[in-house]
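The following exercises are to be worked with the sequence and the model at hand. Each task is followed by a solution in steps.

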Amino acid sequence: MAAKKIWAVIPAYNEGRSIKSIIENAQKYVDSVVVVDDGSRDSTKNIAEKAGAMVLSHVINLGKGATLRTGCDFAASKRAKYIIVLDADAQHNPADIPRFTEKLGKYDIVFSYRKRSAQMPFVLRFGNWFISRAMSFLYGIDINDTQSGYRAFSAEAYKKIRWNASDYSMETEMISKAGKQKLKYVQIPIGTIYSDKYKGTTIIDGIKIVLNMVWWKIFNGR
Amino acid sequence: MAIGTIIGQAIGMMFGIFMMYYTFLNYKRKQFTGNEFVFWTALWIVFITIALFPGILNPLLPLTGALRALDLLTIVGFAFLIFSVFYNYTLTRRNQRQLEAIVSNLAISKRKK
C-alpha cells in the first residue's frame, strides 16, 4: 500500500464546537487527518471520529506540545512525507493548506505569521513581539510570529526538530532547533480568527517560554 | 536561659514531633516502606535533639567557621532545603517524561490495533 503523503495533525482539547468543520475542510487538502484528543471532557473525540479523522486519545491532559508530538510521531510512523499542524479552535483556515504544501518541496519548514490587526488582543501582540525579539537576540533567527501554531514540515525535518516541551514552549523550541539544524524555512502570512480569549498562550505561558529559551541557550546549546 | 530561646526550642520540638507523626501516618498508609519510616523517624529525632540541645553541635563550630550552633543549623538547613528542591525537581521531571511517554504510546498503540 502506498504511503499517504500529506498529513494534517490537529491537537484538540475540548473543541467539540469547532472540530467538525476543521476536519471536513482540512480533508479537502490533505491525504489524512489525525486528531489527537488531549483528554477532552466534551465530545471532541466522538465528533472527530464521525467526521472521518483518525483519532488518537490521551487518557489525561498533557498540553499542546505533548499532544502534537504524539500526532507527529504517529504520522511519521505511517510514513507521512509532509506534516501540517493546525489548531482545532477554528483560528486557522484549512483553505490555507495548499499555500503551505506548495512551499514544502523547496523548504524544510513553513512557518506562518498572523497579520497584525486590531482584532489581535494587545497582550498577544506585545507578547509575540517580545518573544520574537528574544528569539532573534538569543538564536539569531528572525521569525515574525513565534507563537503561530499553523506550520508545515517534511517528515525528515521533523526528526531534527522533534521537541521535548509538553506545553506552548514547543513552538519556540521548534524554531530554535530549526535554526540550530540550519533547516531551510520560509514564512507565509495567514488570516486568524480569535474566538476565545481565554484559550491559547497566556502571559504566564509567555514568561515560561522566554525563560525556557534562555535555559535552552545556556544548558542545551540549542 | 532566655525566653526567646525556649520558645524557639519549643517550636522546633513541636515541628519535629508533627513531622514524626506525619512520617508514621505515611507508613501506616503504606506510602512509606519500613526502611523509609526508620530513616525519616531517625532524622526527626536528630532534629528534635539538636533543637533541644544545640550545644551538641559545639565541637563542629571551629571546623565550619560558624560562630554559634544556631548559625550552623541554619546553614545546614538551607543546604538541605536547596538539595530537596533540586531533588524534587529532577524527580518531577523524570515522572513527567515517563508519564508523557506512557500516555503517548498508549494513544498510538490503541490506534494501531
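**Exercise 1.** Is A:Glu15 buried or exposed?

*Solution.* The model is predicted, so local features need pLDDT of at least 70 and side-chain atom pairs count only at pLDDT 80 or more, while totals for chains, interfaces and linings use all residues. Residues are numbered from 1 along each chain as its sequence is written, chains are lettered from A and ligands numbered from 1 in the order in which they are written, and side-chain values use heavy atoms, with hydrogens and water left out.

Step 1. Locate A:Glu15 in the loop between strand S1 (6-12) and helix H1 (19-26) of chain A. Helices (H or I, at least four residues) and strands (E, at least two) are DSSP runs, numbered from the N terminus.

Step 2. Apply the classes: buried means under 20% relative accessible area, exposed over 50%, and partly exposed in between (1.4 Å probe, protein chains only). A:Glu15 has a relative accessible area of 12%, and is therefore buried.

**Exercise 2.** Describe the interface of chain B and chain A.

*Solution.* Step 1. Counting contacts (heavy atoms within 4.5 Å), eleven residues of chain B touch 18 residues of chain A.

Step 1. The area buried between the chains is about 1200 Å², of which carbon and sulfur atoms give 67%. Buried area is the accessible area (1.4 Å probe) that two parts lose on being put together, summed over both. B:Glu100, B:Val103 and B:Arg111 supply 45% of the area that chain B buries against chain A, more than any other three residues.

Step 2. One salt bridge (a side-chain nitrogen of Lys or Arg within 4 Å of a carboxyl oxygen of Asp or Glu) is found across this interface. A:Arg69 forms a salt bridge with B:Glu100, with the closest N and O atoms 2.8 Å apart.
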